[in-house]
Amino acid sequence: MIGSFTLVLLICLGARAQDDSVSLPGRLAALVDTRFKATRCPGLSVTVASKNKIVFSKALGTADLEQGVPLRTDSVHRLASLSKPITGTIIMDLVEQGKLALDVSVRQYLPEMPEAYQKVSLRHLLTHQAGVRGYTSEADVAFSVTHYATSREALKSFMAYPLMFEPGTKTEYSSLSFTVAAAAAEAVTGRSFQQLAADFFAKNEISGFALDDPLAIVPKRVRGYLVDPNSKIEFNDGRVVARDYLAGTTGEATNARFYDISNRYPAGGFDSSAEDLLRFVVAVASGRVLKPETVSKMWTPQSTSDGTKSVFGLGWGVSQRKGEAMVGMNGLEPATQTFLRYFPDSGVGVALLCNAEGAHDLPKLLDDILEAAIQ
């Protein structure tokens, strides 16, 4: 016979477990609702998965300030550098098919590249170890207004610039290295990167993704903003530039400066909702897109020639949180700020997308969402 205290304890423990399960979306909603205003995001999308199933999705604020359009959970954001894991997965799909090889010279696919690229491989390009720079001013890349039909065409604008270092000897973040990788994919398939991406999504029954073509009609695409006009533009090389182009423009929020991202579609040009992004990650993790051994390679930290381990796998950021393996990426461009975190062992994932540059405290909000989701 069960004693009354034991019976009460069992009932309480059962109720507690049930409440914890039911209350996770509630805790996440309360957290996001409380912190939303302080972020200064016009619109904020947050989606959380647990055990590879979406358990929470919420959209707060506005997709278009001028038209007063509310943000929805299926609103499509600019993903910025969260595009790199997508492109890395597309390239690894072609590697699986035998159309590309990770460790041969990229000039085997792109003979027009300068001699300096003879030592550059796809592995170097996907792990930020190639030394691709391709500009004298990062502003020329960030605010390009030229529209390119293909990544191979975009190469012509920067391939003559010298590499920054001997390929494989160090890790230095490079968006244009993904343009080179995509151009190689175009060369072996005869398809533009835009077509390759569409083929990949269709083959794997992945929906909700588009490329951020400023001339195309992209359904549900949100407008992008700058919410801290007094902020400076900080580039990877340490330079800090004032936003002189805003002279005479008033208001705490402004429209983002126009740019055409076709020069770096593979690095930062995909659009999607937070939900569709997380569904893509779960599909990759579950072995529905690539072979498990390919995913393992993609999510393994790569090392430089001297054995130094980097924070990048093949297209993906790779690290740990409290001892648990974690993959993902941060994204920042004019008009958008984005975060993706996924834990392969537990199936916990978070996608956080804001339609503005200059938002506040998003990394802290992300960490608090992770803390709540992992408990």
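This is a predicted model: local features need pLDDT of at least 70, side-chain atom pairs count only at pLDDT 80 or more; totals for chains, interfaces and linings use all residues.
In what order do the 3 strands of the open sheet with antiparallel pairing stand? The order is β4-β10-β5. The largest pocket has a volume of about 1200 Å³, while the second largest pocket holds about 290 Å³ of space.

**Largest pocket**

- A total of 46 residues line the largest pocket, and Ser81, Tyr173, Glu234, Asn236 and Leu332 are the ones that lie nearest its centre.
- Two or more lining residues come from each of the elements α4 (138-142), β7 (233-234), α8 (265-268), β11 (317-321), β12 (324-333) and β13 (336-343).
- Strand β12 gives the largest share of this lining, with 8 residues.
- By class, the lining of the largest pocket comprises 21 nonpolar, 13 polar and 12 charged residues.

**Second largest pocket**

- The second largest pocket has a lining of 15 residues, of which Arg78, Arg223, Gly224, Ala256 and Phe258 lie nearest its centre.
- Its lining divides by class into 8 nonpolar, 2 polar and 5 charged residues.

- Helix α9 is largely enclosed by the rest of the structure, because 10 of its 12 residues are buried.
- The buried residues of α9 are Ala274, Glu275, Asp276, Leu277, Leu278, Phe280, Val281, Val282, Ala283 and Val284.
- Aspartate 276 belongs to this helix, which covers residues 274-285.
- The relative accessible area of aspartate 276 is 16%; aspartate 276 therefore counts as buried, since the cut-off is under 20%.
- Setting aside residues up to four places away in sequence, aspartate 276 touches Ser207, Gly208 and Phe209.

- Strands β5 and β10 (residues 270-272) run antiparallel and are joined by 2 bridges.
- Leucine 211 has phenylalanine 270 in β10 as its bridge partner.

**Sheet β9-β6-β15**

- Another open sheet consists of 3 strands in the order β9-β6-β15, with mixed pairing.
- Strands β9 (254-255) and β15 (356-357) stand at the edges with a single partner strand each, so one side of each is left without a neighbour in the sheet.
- Strand β6 (residues 225-226) runs parallel to β15, and 2 bridges join them.
- Leucine 226 stands opposite glutamate 357 in β15.

**Threonine 308**

- Threonine 308 is located in the loop between α10 (292-298) and β11.
- The relative accessibility of threonine 308 is 43%; threonine 308 is therefore partly exposed, a class that lies between the cut-offs of 20% and 50%.
- Apart from neighbours within four places in sequence, threonine 308 is in contact with Gln302 and Ser303.
- Threonine 308 and threonine 171 are 137 residues apart along the chain, and their C-alpha atoms are separated by 9.2 Å.

Note on methods
Residues are numbered from 1 along each chain as its sequence is written. Side-chain values use heavy atoms; hydrogens and water are left out. On a 1 Å grid over the protein atoms alone, a cavity is a set of points where a 1.4 Å probe fits but cannot get out, and a pocket is an open set with protein on both sides within 12 Å along at least five of seven lines; lining residues have an atom within 4 Å of a point. Grid points are joined across faces, edges and corners, and a volume is the space filled by probe spheres set on the points. Helices (H or I, at least four residues) and strands (E, at least two) are DSSP runs, numbered from the N terminus. Ala, Val, Leu, Ile, Met, Phe, Trp, Tyr, Cys and Pro count as nonpolar, Asp, Glu, Lys and Arg as charged, and the others, Gly among them, as polar. Buried means under 20% relative accessible area, exposed over 50%, partly exposed in between (1.4 Å probe, protein chains only). Contact means heavy atoms within 4.5 Å. Two strands pair if DSSP finds at least two bridges between them.
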